Amino acid sequence: MLTLLLSLALSQAPQSLEYSAPVEPSERTPEAYAFTRFAPSERPLYVGVDEANLRSEPSPEAPAVTTLILGASVRVLKAQEGQVKVGDYVNTWYQVEVVSPLAGADGARPSGWLFGNTLTPYRFEADLDGDGEKEVATVVMSNEFKIRVRILEPGLKPWRRVTNVDMDVPSTGEVASVGGPVVARLIPSKKAGVELLELDSHPDSCGAYLTHYVSYVVPGRKKGVLGKGQVALSLVGIDDAPEHSNYKATFQPATRRVLVDWVRSEDSEDGESVRQLEKNRDVYQYGEGVYSLVRPGADGAVSQDKP
């Protein structure tokens, strides 16, 4: 029973997405890159780029079987060994079967090869701009080692239906590197007062960690118009023993505010205890897609806000 529960917990745990390489370009051989690898599974992955050509063979020169748009779901059948460079990315090829949308009147599922940088475990479908229609959002890593959120506005023509926004990730590893991991989730409007994407990047090694919140806004909430994805709020913490600076965000959906509690602490010399050095709270108000700091003494002062 314990083994079963552990297996279920692991299968439901969010999968992180990572892409990193040495800081020095001269050291960026294909073997030096680190990235998330996907194993054959019934669990779907998604196309995280505007469009991806499903190839008949694991080569960018192979004929395209079909073209998949952002958010299309696939199932990994096989992962090619090794890692290669295609364009500006280093990754590996995956043989996949299309899960959705189905192709052909008989509902046949085409199969072919996709390069790893086009795939993501993250696809969100939600009414991000509050216009009553759902958008599709995906999360990938850019070739510049940044988190990239793409948002697709259904029903628009291909060349003007996707917007994107990039965010930094902290460095990772024991040696100097760029890029790192990210875990994404949707913050529903019932929790925050507005639909948000949360991007959390916390490397295993000591150092900085980040949480970004992304919003999507269409002026006037007009339907059939591509809006703008933007970073609504970014929080930066430190876990660099013996010093720590940690935060906790608490959303107030009725007022569209977020309370950010900060704690600065220090480990004891023997590492057995932690001493709190400072604690404070920041209050942010949401408006026009971003959170602005509410200064003490402004309408709704800090002392009046409770979690």
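**Val139 and the cores**

I started with Val139: skipping its neighbours within four places in sequence, I found it in contact with Leu17, Thr120, Tyr122, Phe124, Ile147, Arg148, Val149, Ala184 and Leu199. Contact here means heavy atoms within 4.5 Å. Before going on, I noted that this is a predicted model, where local features need pLDDT of at least 70, side-chain atom pairs count only at pLDDT 80 or more, and totals for chains, interfaces and linings use all residues. I also noted that residues are numbered from 1 along each chain as its sequence is written, and that side-chain values use heavy atoms, with hydrogens and water left out.

Next I looked up the largest nonpolar core, which has 46 residues. Such a core is a set of buried Ala, Val, Leu, Ile, Met, Phe, Trp, Tyr and Cys residues joined through side-chain atoms within 4.5 Å. Val139 is among the residues with the most contacts inside this core, and so are Tyr19, Val74, Leu114, Ile147, Val149 and Leu199. Strand S9 (residues 93-100) gives the most to this core, with 4 residues. Strands (E, at least two residues) and helices (H or I, at least four) are DSSP runs, numbered from the N terminus. Another core lies apart from that one; its 17 residues include Ala192, Leu233, Val258 and Tyr286.

**Loops**

Is Arg161 buried or exposed? I got a relative accessible area of 13%, so Arg161 is buried. The cut-offs are under 20% for buried, over 50% for exposed and partly exposed in between (1.4 Å probe, protein chains only). Arg161 sits in the loop between strand S14 (147-152) and strand S15 (162-167).

Then I checked the backbone. Arg221 isn't a glycine, yet its phi is positive, near 50°. I found Arg221 in the loop between strand S18 (207-217) and S19, and at 46% relative accessible area it is partly exposed. Glu288 also has a positive phi, about 55°, without being a glycine. Glu288 is in the loop between strand S22 (274-287) and strand S23 (290-293), and it is exposed at 71%.

Which peptide bond is cis? The one from Ala241 to Pro242, with omega near 10°. Pro242 belongs to the loop between strand S19 (228-240) and strand S20 (243-252).

**Whole chain**

Last, I counted 2 helices and 23 strands in the protein chain. Of its 307 residues, 44% count as buried.
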